[in-house]
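Work through the exercises below with the sequence and the model at hand. Each task is followed by a stepwise solution.

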Amino acid sequence: MNRPIRRNVEKVYRGEPVIEGAGVHLRRVFGFHDTSRFDPFLLLDDFRSDVPEEFLSGFPWHPHRGIETITYVLRGDVEHGDSLGNRGVISSGDVQWMTAGSGIIHQEMPKGDDRGSMYGFQLWANLPADQKMMDPRYRDIPSAAIPEVELESGAKIKIIAGTVSGVSGPADDIVIDPQYLDCLVPAGTQFIHSTKRGYTTFLYVIDGEGSVDGTAVANQTLLLFGDGDEMEVTAGDIQLRFLLISGRPLKESIAWRGPIVMNTHDELELAFKELQNETFIKHT
């Protein structure tokens, strides 16, 4: 039997501060210029802040087409609404998996918690050409619906999508076959995790410190892995917490402008023309 191939660290990212929406301060970990490396993922934003003025202006009404946006809240509340009439609030520990598909217009308004803190992340995943124009849908996943497993090593894994130790997360039937895990590794211990060969895989540290493949990591460090069957993480003198994300690459052309991602320039131009003509929304 062949031994599993360990994934090596291909590239290290630390992101950069940007201002989006109506004035929200966040850290863009990766985005527009890295689409080939992160396929099928397009963007990862870290919007953790303890200063309400940095996030209360929010993301007023704006369109999306051709992608999925995945919002994971660690602390605080985010109010949301959309052109289909959906309204709601996602709070600490909750996830919203929004498939924009053929088109949706929505708003996301961070409110923070009673201490004025708002912690969370938003990941964009691409849709393949044959599903770009699928009907939009929401999956609001409360924290109570996200299973957690504890491994023999003591590591604790919250499973948003994918399967660990026979336990599957609630975000299923996703075209890119993603795995989205929130991992907590105790100080001084090792975490080895099997991955699907050929799938894009990265981790993003959100607390603590440790090392991966000889690379020291700490808060706000992203590691993009090369291909292989498994990855290994060792926590340092304090526990290490990170998001571990993987998905099946689409290997398709990308035409991207703002909140709309299509395959060709003509499709992109049509989307913005439909916005102007108020024919953008296809599903009622």
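**Exercise 1: a salt bridge between loops**

Asp177 has a relative accessibility of 30% and counts as partly exposed (buried is under 20% relative accessible area, exposed over 50%, partly exposed in between, with a 1.4 Å probe and protein chains only). The model is predicted: local features need pLDDT of at least 70 and side-chain atom pairs pLDDT 80 or more, while totals for chains, interfaces and linings use all residues. Residues are numbered from 1 along each chain as its sequence is written, and side-chain values use heavy atoms, without hydrogens and water.

Task: Which side chain meets that of Asp177 in a salt bridge, and where do the two residues lie?

Solution. 
Step 1. The partner is Lys196, at 2.6 Å from N to O. A salt bridge here is a side-chain nitrogen of Lys or Arg within 4 Å of a carboxyl oxygen of Asp or Glu.
Step 2. Lys196 sits in the loop between strands E18 (190-194) and E19 (200-207), and Asp177 in the loop between E16 (167-168) and E17 (179-185). The pair links distant parts of the chain, 19 residues apart. Helices (H or I, at least four residues) and strands (E, at least two) are DSSP runs, numbered from the N terminus.
Step 3. Lys196 is partly exposed, at 47%.

**Exercise 2: strand pairing**

Task: In which sense do E13 and E14 pair, and how many bridges join E14 to E17?

Solution. 
Step 1. E13 (residues 148-150) and E14 (residues 156-161) are antiparallel, over three bridges; pairing requires at least two DSSP bridges between two strands.
Step 2. Glu148 is opposite Lys158 of E14.
Step 3. Five residues lie between the strands of this hairpin, where Gly154 has a positive phi near 100°.
Step 4. E14 and E17 run antiparallel and are joined by five bridges, with Lys156 opposite Leu184 of E17.
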